[in-house]
Amino acid sequence: MENVRPVETWLTDMDGVLVHEEDPIPGAKEFIEALVESGKKYLVLTNNSIFTPRDLRARLLRSGIDVPETAIWTSALATAKFLSDQRPGGSAYVVGEAGMTNALHDVGYVMTDRDPDYVVLGETRTYSFEAITRAIRLVAAGARFIATNPDASGPSPQGLLPATGSVAALISTATGRTPYFVGKPNPLMMRSALNRLEAHSETTVMVGDRMDTDVISGLEAGIRTVLVTTGSTRPEHVETFPYRPTRMVGSIADLVELARMPVGEM
C-alpha cells in the first residue's frame, strides 16, 4: 500500500475471498469484525445476480460471517441502478432469478415480454430454451441488450457451470448484438459501490481473487487493489497479465490487522 494515502473504505469480493461456496475462508470472519470495530465503511461485492442481499446475508451467516444486507452490493443491484439512471420507470424482459427481478422491481421497473425497453440477462441455474429464444427475438426486434456480468463460467461442488457470459454469447451469435455488461470488470460497478458508500477512490481498497475482474475493475476505477490467492488467480499466473495488483497476499487473514487500524493510519 502507498503510505501517503489512508484507507477509509474497503470493497471486497465474496466468493474466493470470504467463502468457497458454503465454507468460510480462514480470516474472513475476523476481517469483517475488524472493519466493524474500526468504524470503516465497507461493501461486499459479487457478480452473482441470482441471490438477493437477504439471501447472501443468510449464506454468509451460515459460514459464520455477519454482514448486513446493506453492506452487500451485487451485479443485479448495480444493473438496476444503471437502468434506473438511464431510463427511469422503464420495462424489461428478464432472464434470471430473484436477485435480478427484485432489484428491478425495487427501482420501479415493469417486467414484460411485450416490447420491453431492455432484455436483461442475469445468472440462473435453470436457463430455459424458451426464455433464451424469447430474449433472442426481443433483442432482434430492437430491445436494448444488457447483461449483469461477462463471467463465462462459475464454480460448483460438481465442477464448472455455464454462467452469464456464455449465454450472452449465444444470444449475441443469434442476433449480432452484443450486450452492455454492468458488473465486473466494468469499473461502473466499482463506481456505483463508491457512490453507495459516499466514498472516494483515493482512500478505498478493493480485495479480490481474480485479476481479470476484481483487480482490473479496481485499477480502472482508480482504487488500490489487493489480490488474495485463495480463489481463481494463482500466484504463478499474475505475471501473465499486463497489469498488477497493488499488493498480493495469501488470504484475507493477512489483511485483518490492516482492517483493524483506525482510519487515517497506514
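Which residue forms a salt bridge with Asp 212? The partner is Arg 210, and the closest N and O atoms are 2.9 Å apart.

## About the model

This is a predicted model, where local features need pLDDT of at least 70, side-chain atom pairs count only at pLDDT 80 or more, and totals for chains, interfaces and linings use all residues. Residues are numbered from 1 along each chain as its sequence is written, and side-chain values use heavy atoms, with hydrogens and water left out.

## Salt bridges

A salt bridge here is a side-chain nitrogen of Lys or Arg within 4 Å of a carboxyl oxygen of Asp or Glu. The count by this rule is 13.

Start again with the opening pair. Asp 212 is partly exposed, at a relative accessible area of 33%. Arg 210 is partly exposed too, at 22%. The term covers values between two limits: buried is under 20% relative accessible area and exposed is over 50% (1.4 Å probe, protein chains only).

## A pair in helix α1

Lys 29 bridges to Glu 33, with 2.7 Å between the closest N and O atoms. Both residues lie in helix α1 (residues 28-38). They are four residues apart, so about one helical turn separates them. Helices are DSSP runs (H or I, at least four residues), numbered from the N terminus, as are strands (E, at least two). Lys 29 is partly exposed, with a relative accessible area of 38%. Glu 33 is partly exposed, with 32%.

## Another pair and a network

Arg 244 pairs with Glu 239. Their closest N and O atoms are 2.5 Å apart. Glu 239 is exposed, and its relative accessible area is 59%.

Salt bridges also link Asp 13, Lys 184 and Asp 214 in a network.

## Where α5 meets α6

Helix α5 (residues 129-140) crosses helix α6 (residues 164-175) at roughly 45 degrees, and their axes come within 9 Å. That makes α5 oblique to α6. Axes are lines fitted to C-alpha atoms, for helices over the stretch in contact, and angles run from 0 to 180 degrees between N-to-C directions. Under 35 degrees is roughly parallel, over 145 roughly antiparallel, 65 to 115 roughly perpendicular, and the rest oblique.

Which residues of α5 are in this contact? They are Ile 132, Ala 135, Ile 136, Val 139 and Ala 140. They meet Val 167, Leu 170, Ile 171, Ala 174 and Thr 175 in α6. Contact means heavy atoms within 4.5 Å. By class, the contact has nine nonpolar residues, one polar and no charged. Nonpolar covers Ala, Val, Leu, Ile, Met, Phe, Trp, Tyr, Cys and Pro; charged covers Asp, Glu, Lys and Arg; the others, Gly among them, are polar.
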